[in-house]
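Colleague: Could you walk me through a few spots in this one?
Modeller: Gladly; let me put it up here.

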Amino acid sequence: MSSELTTAEQAALTSGGDFWHTTPVESAGIPGVTVTDGPHGVRMQAGEGDLLAGVPATCFPPAVASASTWDPELLRRMGEALGDECRAQDVAVLLGPGINLKRSPLGGRNFEYFSEDPILTGVLATEWVRGLQSRGVGASLKHFAVNSQETDRMRVSADVDERTLREMYLRAFQRVVTRAQPWTVMCAYNKINGVYASEHHWLLTEVLRDEWGFEGLVVSDWGAVVDRVASVAAGLDLTMPGPDAEGDAALVDAVATGRLDAALLETSADRVRKLIEKAGTRPAGGYDAEAHHALAREIAGRAIVLLKNEGDLLPLPTDGVTIGVLGEFARSPRYQGGGSSQITPTKLDDALTEITAAAGGQVRFAAGYGADGSTPDEGLLAEAVEVAQRSDVAIVFVGSVHETEGADRDSIDLPAAQVTLIERVAAVNPRTVVVLSNGAVIATKPWDEKVPALLEGWLLGQAGGSAIADVLFGRVNPSGRLAETIPVKLAHHPSYLDFPGEHGHVRYGEGLHVGYRGFDAQEREVAYPFGFGLSYTTFSYGAARASVTATGIEVRVPVTNTGGRDGREVVQAYVSLPGSRVQRAPRELKAFANVAIGAGETAEVLLTIDRDDLAYWDTRLGRWVVEGGEYLVAVGSSSRDLRATVTVHVAGDPARVPLTAESSVGEWFADPRGAELLGQAFAAATADAGSDSPISAMAADPAMLMMLGSLPLSRMAKFPGSPLRAEQLDKLVDAANE
């Protein structure tokens, strides 16, 4: 136990030894262990100089792509591979996954995050963590919490109501913590409702540990700690990076003077020590770089989303057709974002080389725009148009210029030079395919109306070039689905009016209506909806059946592959509760299944909706509540392509809100016991005052009672001629709540 250590040693153990290691305590036989950046690769710093220069490792597809697979098993395999590479480099904890919600498409770090939906995020991240930790390597679930922007990220206060916080921004964290127990959770830089995450006792102790049962260590994001004493008091265990002699001394002084309970520092030191001991049990290992590259290629191929394919232009034949490949990104791929997750790949595929190999050399290339992706060049543009005219098919590679940690985007539009390239090529070649490379959504209107085929290629990691070729030529039947909505324009997005905030605060004004929830609530047209994606085959749905179990709802639906190719369908279940007592989105994703179905075959798909995922956070009771009622479960292939609907009755949780003198007349009458007591009080008052009194008229007139419905009982008691007297209130409240 850390009680054997001096206070100074305990303090030192709770801060880093350097940028990437914990502090060893040699006198106690406690070594330091290595932690390093993820989440889509192992970014071990190569030397003492550039922090972003890493030892070569597999650059798997970032979360923006891997989430589009909608395949938990694939994410588990990715986690296992990352664990093997960590062991090969003696890494104890990989800093990932990042599971913050994509509140706005402008988020500079969206490429590292999974989705705008907490259920999809939580399911995928849980398997990622299980895969990694099955190799004896710890995950670091980040960034806890409400880290949805880079603008002023070190100081900004995310101002969000508790129901939205619980149901949207904490829900994925809760799922991963309770189902996978990550070794560490990393606190965010930002404030939450005015309190730094690193000093947030409610967040780090009351919710994370007391409610969710987190057993591991809370580590700071690098540089997130403002006050070491306040952070340890709140429940943070390890401050990174280090060493932090000043902070260590402040902890020692705080314990000595009684400003910090010595037991809190000892507990944090114990958690660091337990992490080190757990890491010491992992065996050394190696990995097969080619096998991991192949896995990265598989994930990337499964992540690509086919958005358009008019006239079945895709897949392309491998011979007998000349192909114009246009756009510098085909030759110089964008495969990851910037910042702390930047990986030095073991190898790097580019689409031009892979397309050329697949097409037997019948390929011509033109850059089309400048090397930076945004500079117009009339010479390069003219060359690209000429190549397109002489080709049977034109494939145009475009995308965002950069996404990076530390800065949000200022637009979701393609650079003008790239839009011009698309339009000029489409004007001379009606068989034009556009391939996007981007770390967050790109606005596609109106230029996508001019092209028959469109692939959302995201940032696909080191094997993205070969994966794109796999999909273009049909070696892989695309099965990716959008994990975030593509709006018609930025101003339509639910977050638009409240991003990125000002003067140190950002108001989460859209509340529960994040992403597709907001688009659906406003009945807003979108370019491509959440969950959408096409295939080279087609699927039909039969009638859905649902049954209630002790743990939730089971939905079964037959899905038939009605085309001529084997394929995968992502079957999605969206739930709504018409007439709910609380505000809700029109529909919410609650379950999904990624199912391989052979050509002409039918699969009976089982979707399991957890009862806990039906609950809303009742701010009056301070707990989760499942509201009873007739739930609609709509099953389909996107949030706006729902093929089968079934109604199921779900029994509600006991959830009576205690009545008080401040409860309104309407709330009293809505409660059976309250209505009985208040009715008796009104009747008694009427009898005392006589049938012609104003009190009698009020008690007998429903319109008058409706007008008074929002009046707190305590205020009614003060009105002249009120049927209630102040001295009655306490007895009435006691009787109502017996």
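Modeller: One term before we start: contact means heavy atoms within 4.5 Å. This is a predicted model, where local features need pLDDT of at least 70 and side-chain atom pairs count only at pLDDT 80 or more, while totals for chains, interfaces and linings use all residues. Residues are numbered from 1 along each chain as its sequence is written, and side-chain values use heavy atoms, with hydrogens and water left out.

Colleague: Okay, what does Trp668 touch?
Modeller: Not counting residues up to four places away in sequence, Trp668 touches Leu659, Thr660, Ser663, Gly674, Ala675, Leu678, Leu713, Leu732, Val733 and Ala736.

Colleague: And how far apart are Trp668 and Leu678?
Modeller: They are 10 residues apart in sequence and 7.2 Å apart in space, C-alpha to C-alpha.

Colleague: Why does Trp668 count as buried?
Modeller: Because its relative accessibility is 0%, and buried means under 20% relative accessible area, with exposed over 50% and partly exposed in between (1.4 Å probe, protein chains only).

Colleague: Switching topic, where is Thr14?
Modeller: Thr14 sits in the loop between α1 (7-13) and β1 (35-37); helices (H or I, at least four residues) and strands (E, at least two) are DSSP runs, numbered from the N terminus.

Colleague: Which residues does Thr14 contact?
Modeller: Leaving aside neighbours within four places in sequence, the contacts of Thr14 include Arg228, Leu265, Ser268, Ala269 and Val272.

Colleague: Which residues of α10 are buried?
Modeller: Among them are Leu265, Ser268, Ala269 and Val272, and what covers the buried residues of α10 includes α1, α8 (228-234) and α9 (245-256).
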